Amino acid sequence: MESAEKPYEANSDGMIPLDLFISRKKGNHLNLKLIDSSSNLVFSVDRCPNSSPSRLLSDSSGNPLISIYHQKEIWNGFRRDINEDKDLMFTAERTKNTLSRVEFQVFLNNGNPDDPNRLTFKMRGSPFYRSCTIYKGDSIVAQTSLMYKLGIQKVLVPRNRFRLTIFPGHADHAFIVALIVIFFYGRKLWI
């Protein structure tokens, strides 16, 4: 298979929404796979080898992209698998946590922690229904949905498979996938 040897490349023109299909398998550790509509592996998420409560997002070739560390109600995303302040990409803070609704505020690291304009993304949804919407301002950046709610009625689709749609205009797909991991991991559904 030639597609398994080269890393996944996103749509370069950015005019078409990208659909990724997420599946998880429980075993000795968390194992998430994100594939495209042609069943090509795009991203994978595993536990970081050096720290059990953290997650490592890798590309299709296994190269580390973002490591996610959790402390209380705050998640930090770092470039690659390094946990150093200079490599901090973003911080996500849970602002609402009920049985039916979870909300996060996401702050990008722009070097100035006191900047009031740092809040750039919000996540809202229900982990039970695998629904999450990511907003940048008033615009929707990405959404998740269960497969059976998409009109697939003749095929039995388990709850551990769902779809992530990333809308045009946001180029960093790895960042969006990291936010989705935080959203669902924040309710401990992946453990």
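In what order do the elements of the protein run from the N terminus on? Here's a walk through this predicted model, view by view.

View 1. Starting at the N terminus, the elements go β-β-β-β-β-β-β-β-β-β-β-β-α. That gives the protein one helix and 12 strands. Of its 191 residues, 41% are buried. Take the contacts between residues at least 6 apart in sequence: 36% of them link residues at least 24 apart.

**View 2. The largest nonpolar core.** This core has 39 residues, and the ones touching the most other members are L20, F90, M123, I134 and L164. Helix 1, covering residues 173–185, gives the most to the core, with 11 residues. As a bit of background, nonpolar side chains in soluble globular proteins tend to be buried together.

**View 3. A closer look at L20 and its contacts.** Setting aside neighbours within four places in sequence, L20 is in contact with L34, I35, D36, V42, F43, F162, R163, L164, I166 and V177.

**View 4. R79 in strand 6.** You'll find R79 in strand 6, which spans residues 74–79. Is R79 buried or partly exposed? R79 is partly exposed, because its relative accessible area is 37%, which falls between the 20% and 50% cut-offs. Beyond its neighbours within four places in sequence, R79 is in contact with L65, K86, D87, L88 and M89. S67 sits 12 residues from R79 in sequence, and their C-alpha atoms are 6.5 Å apart in space.

Definitions and conventions
Residues numbered from 1 in each chain as written. Predicted model: local features only at pLDDT ≥ 70, side-chain atom pairs only at ≥ 80, totals over all residues. Heavy atoms only, no water. Helix = DSSP H or I, 4+ residues; strand = E, 2+ residues; numbered from the N terminus. Buried < 20%, exposed > 50% of the residue type's maximum accessible area, 1.4 Å probe, protein only. Contact = heavy atoms within 4.5 Å. Core = buried A, V, L, I, M, F, W, Y, C linked by side-chain atoms within 4.5 Å.
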